[in-house]
Amino acid sequence: MSEDKSRTVRVWCDGCYDMVHFGHANSLRQAKALGDYLIVGIHNDNEITKHKGPPVFTEEERYKMVRGIKWVDEVVEGVPYVTSLETLDKYHCDFCVHGDDITMTADGVDTYHLVKAAGRYKEVQRTAGVSTTDLVGRMLLMTRQHFRQGPLEYDVGHEGSSQLGLDSDARSPYTGCSQFLPTTQEIIQFSDGKPPKPNDRIIYVAGAFDLFHVGHLDFLEKARAEGDYLILGLHTDPIVNRYKGSNYPIMNLHERVLSVLACKYVSEVVIGAPYAVSQNLMEHFKVDMVCHGQTPIQPDADGSDPYTEPKRQGKFKLLNSENTMTTEKIVNRIINHRLAVRGIHACFNLGMDPQRGTLSHVAQQECFKIKKHFVMAFPVTSWLVRDD
């Protein structure tokens, strides 16, 4: 009997999706390509904490981020850590899809052993050169190789690193961080390639969109609601570093391109957009409205307002996403999260004070050294690394 070609193939994916990046999005893109309807199950905070430690982002933030990925049709909240046949059947899914890495429970059991045994499991290739561990490593290692400027822009960094990023996911022998190698094929796969329709109202936004997060997502949802076609201008790494300073951007331009292209609200991306929104840019893209969020607008290199032209034309609007998340807050959260983990390790490795049940003096000194290490990398946000 021939297979019914008209039947909808329903695909199941699940995971933690903590610090969602374009690698997660690419995995979901590949999964969607294996069927017609993609359902993504996301573990809650308690389930993740039980099996691999507390997540950096809350379950609500993680649910929202996955819902914002263009290939996702449905999100199921709070799914079990081990994928069962009952789960697939409950949501009428034909099979489960996961990357080619192994996921284990706290007891060392393959989380997909049940669906694998039943022949309802498929694998897709993991995106080489990016992982949550890698991105965290860039913050903790304090390297600047991911956004070199000038003739060294595309060189692989040879800068030394600390031991903090050297784990099983590390790729580069020089920095302990992996190297993402972009191709035009990847951009094509992420892009819709659809031009605006003749009567579409075109909205333009611009920025760094570094470590794409829920604050960005909420802003872009508001911006897209202002029109029919949303064009996002991404600033180059040197420009971002000029107005944000420190170790920013964490993700280089190529990585940020894929991150925003995966967002369902974005129609087109201008790669390496000029900082000042010019008359030429607005005419070229037939922009009806330029939008900006509530973050302060930094002046251009010459001290001028980068939005002078759209303001002159009466085509500039400030939007309030009602979300206060920023890239700096994420970096701070990562730092404090790692400090907490390192503090726990220090307790075991360097000793607890048996009388007070607190860190020994040696352990406290170790944590202080780690904190000082971070403050040197991110002086702008160092005041956020609290002692209490």
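Biologist: Is Cys16 buried or exposed?

Modeller: The model is predicted, so local features need pLDDT of at least 70 and side-chain atom pairs count only at pLDDT 80 or more, while totals for chains, interfaces and linings use all residues. Residues are numbered from 1 along each chain as its sequence is written, and side-chain values use heavy atoms, leaving out hydrogens and water. Buried means under 20% relative accessible area, exposed over 50% and partly exposed in between, with a 1.4 Å probe and protein chains only. Because its relative accessibility is 11%, Cys16 counts as buried.

Biologist: How many disulfides does a search of the whole structure find?

Modeller: A disulfide is a pair of cysteine sulfur atoms within 2.5 Å. The closest cysteine sulfur to that of Cys13 is in Cys96, at 6.4 Å, which is too far for a bond. Over the whole structure, the number of disulfides found is 0.

Biologist: Which residues does Val40 touch, leaving aside those up to four places away in sequence?

Modeller: Contact means heavy atoms within 4.5 Å. Val40 is among the residues that touch the most other members of the largest nonpolar core, which has 64 residues. Such a core is a set of buried Ala, Val, Leu, Ile, Met, Phe, Trp, Tyr and Cys residues joined through side-chain atoms within 4.5 Å. With sequence neighbours up to four places away set aside, Val40 touches Cys13, Tyr17, Leu28, Val66, Val72, Glu74, Val75 and Val76.

Biologist: In which order do the 5 strands of the open sheet lie?

Modeller: Strands (E, at least two residues) and helices (H or I, at least four) are DSSP runs numbered from the N terminus, and two strands pair if DSSP finds at least two bridges between them. The edge strands, each pairing on one side only, are E8 (268-271) and E10 (316-318). Strand E9 (residues 289-292) is joined to E10 by 3 bridges. The pairing in this sheet is parallel, and the order is E8-E7-E6-E9-E10.

Biologist: What angle does the direction of H8 make with that of E7?

Modeller: Helix H8 (residues 214-224) contains His216, which is buried with a relative accessible area of 12%. The helix packs on the sheet, where it touches E6 (202-207), E7 (229-234) and E9. Axes are lines fitted to C-alpha atoms, for helices over the stretch in contact, and angles run from 0 to 180 degrees between N-to-C directions. The direction of H8 makes with that of E7 an angle of about 135 degrees.
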